[in-house]
Amino acid sequence: MNLDKLCDRIATIMGLGRLPYAPGTWGSVAGLAAVLLVSGHIFLYLTVMISSSILGIIVSGRIADITGENDPSFVVIDEFVGIFFVFLFMPINVATVITGFILFRLLDIFKPFPIRKIEQIPGGWGIMADDIAAGLIANLLLRALLHTYLLYR
């Protein structure tokens, strides 16, 4: 397998990004599965999150160069990584998983400020950074919801 094909396999999370409908959602589902596999093991969680982030910058930048597109829709490693940031240091249960996933997808789709601005960073950095920002914002919103729920319970 040549290097460009390997980059494509990684950037599309083994082809999930090439599914005909909602490729970003499929990338997020794959990320969520990985989050659930490594949750409870913080060193492993951080290792997967950081190494996937670095790898994502490299491979998504390469695919963007090959295609000439700023952020090809079939590149979903950014969603895979972004979901890790949603659940970073977060309790994992049915309510947080569903709410966090929905918050992340909404932020990723609608890209409110500053996510839209971050997306304009060129190359792999921009492809990855807007989803990392969406994940961090979703994390903060989820924390606020949890705090409010616990405060007024």
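How many of the residues of helix 4 are buried? Ten of its ten residues are, and helix 4 is mostly covered. Buried means under 20% relative accessible area, exposed means over 50%, and partly exposed lies in between, using a 1.4 Å probe and protein chains only.

A word on the model comes before the tour. It is predicted, so local features need pLDDT of at least 70, side-chain atom pairs count only at pLDDT 80 or more, and totals for chains, interfaces and linings use all residues. Residues are numbered from 1 along each chain as its sequence is written, and side-chain values use heavy atoms, with hydrogens and water left out.

Start with the whole chain. It has seven helices and zero strands. From the N terminus on, the elements run α-α-α-α-α-α-α. Helices (H or I, at least four residues) and strands (E, at least two) are DSSP runs, numbered from the N terminus. Along the principal axes, the C-alpha atoms fill a box of roughly 55 × 30 × 25 Å. The chain has a radius of gyration of 15 Å, which agrees with the value near 15 Å for a compact globule of 153 residues. That radius is taken over C-alpha atoms, and the globule rule is 2.2 Å times the number of residues to the power 0.38. Buried residues make up 45% of the 153 residues. Among contacts with a separation of 6 or more, 73% join residues 24 or more positions apart. Contact means heavy atoms within 4.5 Å.

Now return to helix 4, residues 77–86. Its buried residues include Ile77, Phe80, Phe84 and Phe85. Glu79, Gly82, Ile83 and Val86 are buried too. Ala, Val, Leu, Ile, Met, Phe, Trp, Tyr, Cys and Pro count as nonpolar; Asp, Glu, Lys and Arg count as charged; the others, Gly among them, count as polar.

Next comes the geometry of that pair. Helix 4 and helix 5 (residues 94–110) pack at an angle of about 130°, with their axes 10 Å apart. That makes helix 4 oblique to helix 5. Axes are lines fitted to C-alpha atoms, for helices over the stretch in contact, and angles run from 0 to 180 degrees between N-to-C directions. Angles under 35 degrees count as roughly parallel, over 145 as roughly antiparallel, 65 to 115 as roughly perpendicular, and the rest as oblique. The crossing of helix 4 and helix 5 is right-handed. A crossing is right-handed if the near helix is turned clockwise from the far one by less than a right angle, and left-handed if anticlockwise.

Helix 5 also packs with helix 2, residues 23–38. Their axes come within 11 Å and cross at roughly 145°. This crossing is right-handed. Gly24, Thr25, Ser28, Val29, Leu32 and Leu36 in helix 2 meet Val97, Phe101, Phe104 and Arg105 in helix 5. The residues in this contact divide into six nonpolar, three polar and one charged. An α-helix has 3.6 residues a turn, so residues three or four places apart point the same way.

Helix 1 (residues 3–11) and helix 3 (residues 42–67) form another pair. Their axes come within 9 Å and cross at roughly 115°. Here the crossing is left-handed. Asp4, Cys7, Asp8, Ile10 and Ala11 of helix 1 make the contact with Leu55, Val59, Arg62, Ile63 and Ile66 of helix 3. Its residues are seven nonpolar, no polar and three charged.

The loops hold some details. Met14 and Ala22 are found in the loop between helix 1 and helix 2. Neither is a glycine, yet phi is positive in Met14, near 60°, and in Ala22, about 50°. Met14 counts as exposed because its relative accessibility is 59%. Ala22, at 42%, counts as partly exposed.

Where does Pro114 lie? It lies in the loop between helix 5 and helix 6 (115–118). The peptide bond from Phe113 to Pro114 is cis, with omega near 5°. Lys117 lies in helix 6. With a relative accessible area of 54%, Lys117 is exposed. Its C-alpha atom is separated by 8.2 Å from that of Asp130, 13 residues apart along the chain.
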